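Open the model in your viewer and keep the sequence panel beside it. The tour goes from stop to stop, saying what to select and what is there.

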Amino acid sequence: MKPSIKMASVFALSALLSACQNDDSQTENTPQASAVTVTQVTLLAPTSGDLTIDTLATTELPAVNGNRGGVSFSAPMGAAAQIQAPNQLDQSCSDQYWRTVSGAELNKGIMLAVSQSDSVIRVAPRGDASSGTLQHSPAISPDQLRLYKVDKQSVDKSASMIQSMSDPQAMATAGIVDDSSALRLSKQATPGVYQLQVVQPLGANDSYLVNVKEKGSPYQLALSAPNRLNSQAPKLAFELKLSNSDIALSPTATLKQSDGRYHRLAVVKQGDNWQAQLPDELAMPSSNLGLSEIQVDVETRVNGLPLIRTVKTAFKQYVPAAKLADQASIHWQNAKPTQAVFELQVASPGRYQVSAVLVGTDAQGKQANILRAETAQWLDADGQVSLSFDAEQLKASGLGAPYAIKALELKDQSQMARLSYLGEAASL
Amino acid sequence: MKIYKKLMMLGLFAVSPLTYAASGLVFIHGTGHQTDALSDYWTREFVDSVRQGAASPDNYLVINCDFDQYMWDDAAAGCLAGQLTQFIESKNINDLTLLTHSNGGNVVRWILSNPTWDSRYPKIINATSKVIALAPSSGGTPLADAVTQGNVFETSLGWLLGYGSDAVKQQQVSWMSSYNNSWLYGTSGRPALPSPFEVVVGSDVDSAFWDGDSYCAGYQYQVALETTQNWLDDCSDGFLECQSQSAAGTVWFKDIQRTAGKEPLSHQQSRRACFNLDILIRDHI
């Protein structure tokens, strides 16, 4: 049983017993509640790490959360808990690459760059609709695959360089459920070019994903890119670095949207970084579900040997559908804030969520957290959203004036997007 | 009048929820569309053993939902919220322990992190005292990335062909990073979850055919999980890296620190009565 429930039970029993023992009427001395007063505050200017919306735009995509009912919540917060601004970048590292090949190419044999002996090659059938009908390419049993070393343009077929194999059933039991087969390279395999070929011919139009995974390779391709992208942004900036190499890279990039569409992106170098030009048409996904991805491919040579890497990272493409006005109304009672009312400018109907941390000041004059308040409601047009500050939680904190509002955040639950964030929002 | 007051107070006390306030234990499965998770996911042996440690062993619930969907989907978090709410209300639960496995930890974190998404969530948050997360995929898994790699037709056709699900897409590493940064609590630099989220981490896979320990939960899984470790860090349970499992909440223990014989728990074994796991949980709740 929770301590609070134990205490409540004891209190209830005590009340009952005292009621049984004391027949006298009790005089209630309820203090007169003071009047509610309202003050206006201007939100503080954004600083580094904050997220802002400048120009509003409309969206007509179906809402992920179309719930019309308003919900509010407040929870006490650890006095010393750190409040950190949300990350704006996402990083990803890759020691692998993948490419899609046809059955015809696998019949003939495809060339693969391998940079270490214990690499793993996975071959997974993929779907194809180029003929107008859905074609499911058949799985390939790993014993139908051969892997030969290529030396000076000639294929050495004296030995298949495979150490062990896993069939689709085994792979599926471990979570790779796409009919994959996997081969592990022989320990005698040396870095270089290999030919992967099937014994039993495949249909020419069949489609396969070939994934070369080089666990522990010293050559890791690291990608750093924004994790959110405004629908009005024409470019996506990213950083790219290949470990243990200072070779100039010539990356290609692809935008993979959450609805499955792909766009090849034009990439230009900007100083030490890169910029991918987003397509004018079909720039936004057709659904609010899921995330978009930028996939970067690099083919190069390191110490004279071929090296291929694919790396990707996810981001949310969003429409700036609403923003907070720069003023808020603070309601007070008994010199304590009871709620903060924010004005929202809304370009598209949606379910908007506002959250913030209320902080107060202790006897030593030090600021500390009191509570986190949150509310969400559907707005068809400009309107108000109110954060309520729980009086009991405020009292229990033992903190007093001056108060402040921190970590003020606006999210669009319809798009599943964070729209804005203000670390230091207001002094009350 | 005085007698009336006494009777009123006695009556109030008699019907007060405090009278019936109770603890409850809920088993929440991972990715997959479950209709009989007791038999198909957890096993009766595991559930019956664990619940003996609860204050009210008969107040337990095994969740059956469609966790092939995104965690916020009505069929996932919505279904979970519905079953939890019904359990809380029917049993007057105010001290709820949630036992999750794998992606079930993400669905629970979704509810605990987003109280205003759904009007049922606040009641669940207020009733939840503790989450014990067995091998949660809090940081995603590179295996989800591997399944979703592909060409232009991958998403539009791959899902139709049964290659994956929205839950698999969601558990890609960079996707979980995004959700952890924006929508989920409990990871580094983010607000704390409202209830303790205690994690059991599986750190390795044993598949030696001569070792009986490799047969707990099925030998064939152990062999396959060793293959998939090529896509994972050296510290992994064959499906999830230790880093991912410990990304949210606090680590209660890493398998070998407490399991019988210091055996590691593979991803299959972390929801089975292997190496005293059931007893460790039973003694903890």
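Helices (H or I, at least four residues) and strands (E, at least two) are DSSP runs, numbered from the N terminus. With that in hand, select A:Thr55, which sits in the loop between strand E1 (37-42) and strand E2 (71-76) of chain A. This is a predicted model, in which local features need pLDDT of at least 70 and side-chain atom pairs count only at pLDDT 80 or more, while totals for chains, interfaces and linings use all residues. Residues are numbered from 1 along each chain as its sequence is written, chains are lettered from A and ligands numbered from 1 in the order in which they are written, and side-chain values use heavy atoms, with hydrogens and water left out.

**Stop 1: chain A**

Stay on A:Thr55. Contact means heavy atoms within 4.5 Å. Not counting residues up to four places away in sequence, A:Thr55 touches A:Gln232 and A:Pro320.

Color all of chain A by secondary structure. There are four helices and 28 strands in chain A. Of the contacts in chain A between residues at least 6 apart in sequence, 73% join residues at least 24 apart. Buried means under 20% relative accessible area, exposed over 50%, and partly exposed in between (1.4 Å probe, protein chains only). Of the 428 residues in chain A, 49% are buried.

Next, select A:Ala401 and A:Pro402. What kind of peptide bond joins A:Ala401 and A:Pro402? The bond is cis, with omega at about -5 degrees. Most residues other than glycine have a negative phi, and most peptide bonds are trans. A:Pro402 belongs to strand E27 (residues 400-412) of chain A.

Then show A:Arg68 and A:Trp378. A charge sits over a ring if NZ of Lys or CZ of Arg is within 6 Å of the ring centre and within 35 degrees of the ring normal. A:Arg68 lies over the face of A:Trp378, at 3.7 Å from the ring centre.

**Stop 2: chain B**

Switch to chain B, with its 15 helices and six strands. Chain B has 285 residues, and 64% of them are buried. Select B:Arg271 and B:Tyr41: B:Arg271 is placed over the face of B:Tyr41, 3.9 Å from the ring centre.

Two residues here have a positive phi. B:Thr43, although not a glycine, has a phi of about 85 degrees; B:Thr43 is in the loop between helix H3 (37-42) and helix H4 (44-51) of chain B. B:Thr43 has a relative accessible area of 19%, so B:Thr43 is buried. For B:Ser102, phi is near 55 degrees, and B:Ser102 lies in the loop between strand E3 (93-101) and H6 of chain B.

Now pick B:Tyr60, in strand E2 (residues 60-62) of chain B. Is B:Tyr60 buried or partly exposed? B:Tyr60 is partly exposed, because its relative accessible area is 23%. Beyond its neighbours within four places in sequence, the contacts of B:Tyr60 include B:Leu25, B:Phe27 and B:Phe87.

**Stop 3: helix H6 of chain B**

Select residues 104-113 of chain B. Ten of the ten residues of helix H6 are buried, so the helix is largely enclosed by the rest of the structure.

H5(B) and H6(B) pack at an angle of about 70 degrees, with their axes 10 Å apart (axes are lines fitted to C-alpha atoms, for helices over the stretch in contact, and angles run from 0 to 180 degrees between N-to-C directions). That makes H5(B) roughly perpendicular to H6(B) (under 35 degrees counts as roughly parallel, over 145 as roughly antiparallel, 65 to 115 as roughly perpendicular and the rest as oblique). Among the residues making this contact are B:Ala76 and B:Leu80 of H5(B) and B:Val107 and B:Trp110 of H6(B).

**Stop 4: the rings around B:Trp110**

Rings of Phe, Tyr and Trp (its six-membered ring) pair if their centres lie within 6.5 Å; planes under 30 degrees apart count as stacked, over 60 as edge-to-face and the rest as tilted. Over all chains, the structure holds eleven aromatic pairs. B:Trp110 and B:Trp117 form an edge-to-face pair, 5.0 Å centre to centre with 85 degrees between the planes. Both B:Trp110 and B:Trp117 are buried.

Now show B:Trp183. The ring centres of B:Trp110 and B:Trp183 are 5.9 Å apart and their planes are at 35 degrees, so this pair is tilted. B:Trp110 lies in helix H6 and B:Trp183 in the loop between helix H11 (173-182) and strand E5 (197-201) of chain B, so the pair ties together parts that are 73 residues apart in sequence.

To finish, select B:Tyr70, B:Trp72, B:Trp110, B:Trp117, B:Tyr179 and B:Trp183, which form one aromatic cluster.
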